[in-house]
Amino acid sequence: MNPLWFHVDLDAFFATVELLDDPGLLGKPVIVGARPGGRGVVSTCSYEARAFGVHSAMPIGEAYRRCPGGVFLPVRMERYCELSRQVMDILRELGPEVIPVSIDEAWLDMSGTGLLYGSPLEAAKLLKRRIREETGLGISVGVATNRLVSKIASGLRKPDGLVIVESGQEAAFMQGLPLAKLWGAGEKTQTRLRESGILSMADLVAADQPALSRIFGEAGARFLHSAARGIDPGIHGERSGSRGMSTETTFERDIADGEALDAALLEMACALLSRLHGEGLVSRTLVLKLRLSDFSTSSRRITHRSEFIDSTEVLAEARCLLARLWNGSSPVRLVGLGFDGVAEPAKGGQGELFAKDDRKGRLEQVIFGLEAEGLVKGQAAPRPARLIGRNLRGRSPGGNPFHPDDRAQ
Amino acid sequence: MRFTGASMKFSCEKATIAREILIAQEIVASKNALSIMSNVLLTAVNGTLVIKATDIKVGFETHIPVDISTEGMCTVFCDKLAGVLSSLPEGEIEFEQDEQKVIIKPSFKKVRFQIKTISSEKFPELPDISTDSFFSLPSKDFKNMIQQTVFAVSDDETRYFMNGVFMEKNEAALIMVATDGRRLAYARKDLGLPIPEFKGVIIPPKLLSIIAKRAPDEGSIEIAVTEKNIFVRFGNYRLSTVLIEGQFPNYHKVIPDAQKNSVLIKRSDLMEALKRVSIFVEQKSRRTFFKLTPGVLELSSEESELGAAREELPCQYDGPEVIIALNYKYVEDPLRAMSSESVLLEFTEATKAITVRTGSQEDYFHVVMPMQLE
């Protein structure tokens, strides 16, 4: 059986949701993210806004400068999570395995579904139609025999794109691309490639392997070598095993901006918890993965004594883990967040006092549960305020009244 | 510093200083001889020895009368000082500073100890507050409030905001609440006197345990609260601690308004039965079954390969037959903190929080969340 992967990417997701909820915004440049005047970044923007040169992860002030007539909206993560879940549910109905990458992106393993849906083209059309009809959202789909190529393919003709790379054509497909389309190779890598005289995919294929290693390091060179040939180097998100659940964000360009990283953490914390609770599962272990521009990858985990029940908690821990992994200045290529030891809630479990009332996580859980049962679909989900702002790093009993530097004693 | 050049020398009764150094020893906690925080600061001035200790969060100060030959100050490694003092019999002891050491000589024995000192200038300044910020309450009441709550504090550091006892005022009443998220202990004392305004604070248990252990049953205790610290005074003692930052959960919402059913039972009967049945209770979850039928409470463990336990107790109950699963420690802890003859267990249904209170005293109660039966 030939492997067949669909990479599904929601077009301008947050902005599209805002347009769905307020059709009056149609045709206007919509920018979702931090409040203009603040220090945050753009989460996403509509294609109209992109025409002004606005892009995600751009400082909001810069976005405002480029597009002062834009409609600036706050992030409504709950609502996006709700729609994202609907999309993921549709994917799960169609394919045997769904690997969500982030709130607006997933891989769908369609291997062996030929008899069900016909050709990959027919299957992709069906998928696009169902998502459009059932959620109102547009997607771009990339189809290929491996995940890397499908991911690159989905990004080629956005919005509403469909690119199919036939089996055996992966290398040819990659070589027909400009170097800039090489997913996973960020701005810095691109610059270094240019500086090394590698200006096209063909140059990259022809490049001397040891020389690449010297410039990009072992892991980087291996990635480039495989990717340029349309071979999946397998460095993206782990396959969703039964014990883990993760999501990750690859930045369009490597970033060293704490605000943008924080925004990514917020997004992932919400999406991840919503998925966990949406499937009626629990976890006590949070894992953060960080990949720097040189492809060096590290991860840290923390295990709580009790299960994660609220996204504030997940975000706070994610921030602590990030603070331990990241020096605050090295450019980051990718940040991932995941739960490990994912399981069904234990039997005979101890009840939580602050469950439904105080800790809004339980509320989230209850609502997700109801939504999963289709009981409150269509109703607006509650929208807790943005979860940022609380710096939990200086935790445990208070500060030090005497000498701030004596803490380590 | 005004003592520069002078070598402190004083003498006092062993019992007087030993008692204080043992308290200081609880505070410093650190056994690292190189750290100034493992040392006590001794200041002999005006016929008084001032002893200070800190772990950087909790601060401790006490005054005892001594015979001073030369005024001065130095710090001494507390662990060894405590060891020396507890090894000596009663009688007068002489302390003399000799450059980087303190010589300790009892007047009644041919023994001589010398303990390394660290310059007193390195000793951290303890936070202080003006006298008029304090309010006072009977020491016995405050101790009781601590004993009724402090055991329920969470030791899960990931829930740091539950790692202390929450204290707030409500008009003339002082309220203390502790919870680990699964059980909650509540204590309230109407002081009948105005209490200065302060915002609710989370107090680390270390300070509270010292007060519960050391404050006298007679007399009063004085408290002052600032944004970052709490200050406590009683007798010759001045204690303070840095407060835990963070938001204490909204405990009002988890205190049941009214419960449908109640069980009145002899406290000692229940405690002893729990002790017996718990032998067979699985020790990780500590899940114990409380089965109620009119007039009878039956405690039982789950049956395991090792065996099982079951005990019937007489009680006053005339509600429906019901089984509630509880972590036995969450019942045992409050029972131990109480002193009444009988206790009242109140509940509405097996899955909702139960209340444990004394038959009469309304100022203290405990809320426990049940476990799942399945």
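Angles under 35 degrees count as roughly parallel, over 145 as roughly antiparallel, 65 to 115 as roughly perpendicular, and the rest as oblique. Such angles run from 0 to 180 degrees between N-to-C directions of axes, which are lines fitted to C-alpha atoms, for helices over the stretch in contact.

This is a predicted model, in which local features need pLDDT of at least 70 and side-chain atom pairs count only at pLDDT 80 or more. Residues are numbered from 1 along each chain as its sequence is written, and chains are lettered from A in the order in which they are written.

| Helix pair | Crossing angle | Axis distance |
|---|---|---|
| α5(B) and α6(B) | roughly 140° | within 10 Å |
| α3(B) and α4(B) | about 130° | 9 Å |

Helix α5 of chain B spans residues 267-277, and helix α6 of chain B spans residues 328-337. Their angle is the reason why α5(B) and α6(B) are oblique to each other. Their crossing is left-handed, a term for a near helix turned anticlockwise from the far one by less than a right angle. Contact means heavy atoms within 4.5 Å. From α5(B), B:R267, B:L270, B:M271 and B:L274 take part, and from α6(B), B:Y328, B:V331, B:E332, B:L335 and B:R336.

Helix α3 (residues 139-149) of chain B packs with helix α4 (residues 205-214) of chain B. Their angle makes α3(B) oblique to α4(B), and the crossing of this pair is left-handed. Here B:F142, B:K143, B:I146 and B:Q147 of α3(B) meet B:L208, B:I211 and B:A212 of α4(B).

Conventions. Heavy atoms only, no water. Helix = DSSP H or I, 4+ residues; strand = E, 2+ residues; numbered from the N terminus.
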